Amino acid sequence: MEGKHSPVNKLFFICFAWLVAATLPFYSPAYVLLSITSILMYVTLTVSWTIFCGPTGYISLATATFFGIGIYCAALLGSSLPAPAVVLCGGLAGLAFGVLVGLICLRLSGFYFAVFTFGLSELVRHSVLWWEHNVSGTVGRWVTGTSITQAFYSLLVIASLSILAAYLIRRSIYGMALKAIGESEEAAEHAGINVVVYRIAFFAISSFFMGMAGAAMAAKFTYIDPNSAFNPLISFTPVLMSLFGGIERDYGPILGAFILTFISEVLLSRFPYFYTLIYGIIFVVVILFMPRGLAGLLGSGHQHKFMDH
Amino acid sequence: MKLFLDIIISGLIQGAIYGLIAVGLNLQYGVARVLNVAHGEFVMVGAFATYIMYTVFGINPLLSVAFFSPVSLIAGFLIYKNLFQFIRTSSETAEMFEGNSMLASFGLLYVIQNLALIWWGTSTKAYSYLSFSVGFLGVAFEANRVAALFVGVAVMISFYLFLRYSILGKAIRAAAESPVSAQLSGIDVHRVLGICFGLGVMLACVAGGLVSMMKEITANMGFPYLVTALIVLVLGGLGNIVGSFLGGLIIGLVTAAVMYWQPELSLVASYLIFTIVLLIRPQGIFVRQTNGR
Amino acid sequence: MAFLEGVKVTKRFGGLAAILDLSFKIDQGGIIGLIGPNGAGKTTLLNLISGSLTPTTGEILFKGKRISGLRPHQICKKGIARTFQSVKLFGNITVSENILLGSVYGKPRGLSRTNHSTETSDLLKFLGLAGKRDVLAKDLNIVEQKFVELARALATKPDLLLLDELIAGLNPSETSLACDKIKEIKKKGITIFMVEHVMGVIMSLSDRVIVLNHGEKIADGTPEEISRDRKVIETYLGEDSEC
Amino acid sequence: MKKDVSKGFVNVVFIVLGMLTFLTMTVGPAAAKDKIRIGCAIALSGMNAVPARVSQVTEYKLWAEQTNAKGGVYVKKYGKKLAVELVFYDDNSNIETCTKMVEKLIVQEKVDLMLPPWGTAFNFAVAPLVSKYGYIMIGSTVSSAKWKELSVKAPYLFIILNQPQKQGKAVTELLQDVGVKSVAIVYVADLFGLEHSGVVAPLIGQTSIEIAMLKSYPLGADDLSPLIKRIMAKKVDAVLAYSYPDSTFLLTKQMIALNYSPNLLFFGVGQHYPDYRESFGSKTVEGIMGLGAWNPKVPASGARDFFNAYVKRWGKEPPRWGEASSFAACQIMEQAILKAGTLDQKKLRQVIASETFPTVIGQVKFVEGTNPNYPGDVGQWQSGEYEIVAPKIKRTAEPIYPKPKWPSRK
């Protein structure tokens with residue numbers, strides 16, 4: 001339905017953009033690489049968050065937990081394993097924990113789900129703090145550093161994979177099933193959808209990418225403690241970014257992450273004393289004038305239609 | 001026995017504060033559907049206002065709390081009228097309004113925080129009011145905390161009576177249950193929801209004023225109160241005003257009790273209680289579960 | 001072996017029994033009506049059969065196999081579909097997508113994607129919804145929504161279809177349309193177990209009627225038998241003015 | 001609809017391209033060197049904003065203004081005085097942002113010098129990075145025994161603040177000196193509290209002083225009266241609380257209200273703020289001790305001047321610990337530039353590592369990257385001034401022991 005040429009054009013553009021990105025380290029100044037790496041991290045977090053939370057409409061505030069677990073994985077394994085293995089381990093740890101959290105949250109939906117996941121991630125933060133203090137006998141840990149280029153490539157791969165996964169899931173029957181679950185778990189169950197398995201599986205998949213992002217970004221932290229690794233603000237970021245970008249489109253969350261990270265960076269460096277003031281005003285203005293987020297402004301209220309693919 | 005009394009009373013004191021803040025959030029989210037993440041910032045504003053009134057003008061904190069109540073109510077009402085009502089009309093669905101109003105309140109949070117940093121940036125303040133202990137059955141309590149408990153409970157009781165028996169209170173409850181049918185029965189829903197939001201801000205400011213007697217005051221003191229309020233809100237059940245207050249007391253009691261045995265775990269314990277309660281009763285403690293779902 | 005069989009089924013909520021020691025047998029084919037005054041336990045019985053609820057004691061067998069204790073999606077895959085008293089559609093996806101979900105996740109038949117799409121289109125046509133296929137389900141009127149829900153249930157290819165007050169709230173012409181459709185569904189070999197308040201419809205459609213009161217079966221027989229049953233008349237005249 | 005979709009997509013492409021262009025835009029150093037640009041990515045917003053602004057930002061700004069009032073810093077290489085320009089970035093109290101901002105300052109702003117962020121974890125995160133780019137950094141809010149492990153990764157990091165090991169020793173000696181028999185130690189469950197209590201507890205354990213209690217409490221507790229009541233029950237002479245400003249204020253308030261006044265009361269951070277003294281009154285804080293100390297009476301050139309200038313500039317007194325060392329760090333950089341005659345970081349590092357610098361915190365000579373000669377390890381409020389009472393040789397006043405009881409109130 002996008003017309004005969006449009007999908008091809010899009011594909012061409014995406015390949016082109018990816019190629020430009022992949023070759024970035026060869027010609028771009030170091031700081032662009034730096035900014036893009038950070039943007040890619042937020043893109044990953046936001047897009048992977050939307051894998052589960054987008055279609056179901058359940059707002060998870062446990063992102064910091066999976067991200068932090070990835071970071072801790074890198075801190076524990078960083079010196080003994082090669083970088084890609086560390087990132088994968090971070091992802092798997094995120095996945096495993098995602099299954100656990102998904103299982104615990106099964107009976108919850110809506111606002112209760114949101115606050116519960118937040119409470120859970122605070123519980124994890126305090127528990128790790130307690131564990132590190134009383135069992136490991138330490139609080140801070142060193143993370144083995146990597147170069148910008150390496151961090152950039154791992155995040156490029158992770159971000160691309162998460163975008164691809166989000167796209168495929170969204171366009172598949174699974175995405176539709178998740179939407180159905182978000183609308184009415186009971187009806188979905190009676191239509192033959194295994195709600196338990198779907199909820200856990202897709203929550204875990206999004207945690208997988210968050211864990212990988214954490215492991216890949218860990219090098220940026222150098223020295224971690226539970227308070228910095230499980231920073232509760234990380235949990236809110238994907239929510240803000242995807243709502244800001246517009247959750248109804250594939251590219252909404254990407255756009256939101258891209259633009260908000262970019263705006264932050266500009267404000268943090270150009271208006272350091274008024275960062276949150278301006279940031280806050282931008283939020284309010286965007287909400288007042290673009291209630292559908294940025295993506296809503298850029299195109300009309302187009303809906304995905306599975307039947308036509 | 002003394003220990004028991006001690007834990008109960010100090011738990012109740014802290015719990016009453018949490019309860020007040022959570023009830024405020026409950027009015028804003030449970031009734032007006034605005035998940036106001038800037039709620040904690042109003043606690044901070046209330047605390048600073050009370051501090052300034054006391055140190056600059058020598059006004060009794062409890063008096064300034066009484067004075068600030070209507071002021072903050074009006075301020076909250078205006079915020080709703082000028083910001084959230086606009087969002088409500090521009091949003092197509094209830095979910096969209098919830099998402100957008102949360103985003104806007106994040107904006108509010110950022111703006112208030114930055115202004116506070118500009119005004120009070122480097123200050124950590126405290127003042128002494130009723131800073132002596134009172135004995136009760138052989139246990140010593142801080143007078144200002146006991147006063148806070150009395151004020152907190154008094155505010156809650158009058159609030160409850162207001163909701164239950166006044167016409168406006170009935171309108172609020174009607175709007176909470178079904179905005180549409182409330183509108184049909186001739187209630188100006190926007191005005192009622194605006195008042196709910198204003199009342200939420202008021203309760204946060206009152207709690208802030210009380211907190212200022214017991215704690216230090218800084219520009220970034222607000223956020224933790226939001227977190228606690230969210231947890232208490234869920235514990236007590238959305239839309240359940242009494243539940244929120246009781247939920248606050250529970251969290252206060254748990255924290256106080258664990259603070260005696262294993263202080264390091266006091267926060268872990270409150271989160272743990274929250275997690276366990278929600279696992280057993282997914283709709284909060286004080287909500288009657290319906291058949292099926 | 002009965003098609004659907006309940007053996008001493010009891011369901012309690014707290015201390016109250018919504019269904020008490022209920023045994024029943026239903027054979028394949030035909031339309032079975034389930035009636036009873038408000039609070040008789042009709043919807044509870046549907047919930048027990050479809051897996052929303054598990055019996056406190058007793059068991060339910062479908063094609064000779066125990067289904068009580070299974071989760072709803074498992075029961076759906078075994079060939080039992082249902083509609084809800086208050087419509088539960090997936091409002092933010094289109095009509096055809098609603099039905100497609102039922103088709104894909106219903107009883108497994110090893111169909112390809114195209115077959116599911118064809119099936120969906122057929123059902124849309126069957127229920128006269130072809131023009132609304134790309135409309136969001138929440139934008140339909142309540143009658144259309146009931147039909148979409150019915151289509152979604154049919155899309156799961158059930159052998160047993162549980163209808164919870166499908167007719168309630170329909171005007172006479174819509175009611176007769178719905179009755180025609182139900183008859184057609186019956187012709188396809190699907191057994192229908194329907195709860196209904198509209199007595200005329202039940203009596204004209206059903207091959208057999210079960211009457212519940214306070215969670216117990218007070219009558220069971222053909223519509224003619226039921227309409228002459230003293231107990232039934234007493235129950236309805238004594239407690240309910242609805243008919 | 002088709003048109004809208006592709007139009008939206010094109011718009012997105014343009015936005016992204018525009019942003020990339022903006023990112024690549026660089027301010028770049030002016031061709032003729034006329035000023036020294038000093039970068040600092042620090043918490044101007046977020047949860048660390050308050051302490052970061054008190055302990056570093058105000059001091060750095062004061063130094064820059066003073067230096068520019070003198071016409072700047074003479075750099076031999078350019079044969080003239082260069083004005084200094086502080087480039088502050090906000091890190092939003094987020095480590096990931098902080099490292100990004102630091103790197104941006106270095107590679108995009110191409111600043112000449114770097115100033116550190118606030119807090120131990122942030123300094124540790126940033127140190128290897130700035131060292132990689134070969135920038136010196138003098139941390140004034142770093143306090144951790146782990147710096148030794150770090151010095152390998154970050155040879156360009158200097159720590160000017162006193163460190164737990166030394167302070168623990170000073171505290172222990174002070175306790176022995178005044179004749180404390182028993183002590184209760186409580187600490188905030190965080191890097192800071194854990195490290196300091198981890199050092200001081202074993203040291204006290206080696207003496208005849210009895211440790212009646214050793215407990216931690218969580219960051220952000222709202223009511224510490226249960227803890228205080230437990231301490232009261234132990235009837236100890238001294239209470240050591242390795243606390244952050246929030247719990248320092250809270251503990252003080254609750255101890256006053258509960259009328260618990262141990263013979264020796266010692267806090268971690270926050271008691272050294274003038275805000276603390278003003279909040280409770282000079283009479284009330286009389287005799288309260290705390291970790292780390294500096295005051296205008298220390299034998300250092302310019303200490304009093306710094307104090308006065310700070311009061312004049314900010315309308316309030318400077319806090320009495322690491323704040324002076326933030327200022328001193330700037331003085332050291334200034335002197336190092338004078339001595340090296342260049343902005344070349346390698347040479348600066350050599351100078352800083354080997355020379356001795358007179359500063360507002362006294363003579364600073366770095367040994368293995370840290371400053372062993374901090375003016376005070378323990379301070380005590382006495383008649384409105386935060387006197388240094390340990391180590392013994394650096395005392396600006398004799399310690400008051402026992403601490404006076406709380407003044408009576410209505």
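Helices (H or I, at least four residues) and strands (E, at least two) are DSSP runs, numbered from the N terminus. This is a predicted model, in which local features need pLDDT of at least 70 and side-chain atom pairs count only at pLDDT 80 or more, while totals for chains, interfaces and linings use all residues. Residues are numbered from 1 along each chain as its sequence is written, and side-chain values use heavy atoms, with hydrogens and water left out. The topic here is salt bridges, each a side-chain nitrogen of Lys or Arg within 4 Å of a carboxyl oxygen of Asp or Glu. Over all chains the count comes to 47 salt bridges.

**Within one helix**
- Arg230(C) and Glu234(C) form a salt bridge, with N to O at 3.5 Å.
- Both lie in helix H9 (residues 230-239) of chain C, four residues apart, which means about one helical turn separates them.
- Arg230(C) is exposed at 63% relative accessible area, and Glu234(C) is partly exposed at 47% (buried is under 20%, exposed over 50%, partly exposed in between, with a 1.4 Å probe and protein chains only).

- Lys229(D) and Asp6(B) meet in a salt bridge of 2.6 Å, N to O.
- Lys229(D) belongs to helix H8 (residues 225-234) of chain D and Asp6(B) to helix H1 (residues 2-31) of chain B, so this pair joins two chains.
- Lys229(D) is buried at 14%, and Asp6(B) is buried at 6%.
- Asp223(D) pairs with Arg145(B) in a salt bridge, their closest N and O atoms 3.6 Å apart.

**Network**
- Salt bridges link Arg270(A), Lys35(D), Arg37(D), Glu85(D) and Glu109(D) in a network.

Note on methods: Chains are lettered from A and ligands numbered from 1 in the order in which they are written.
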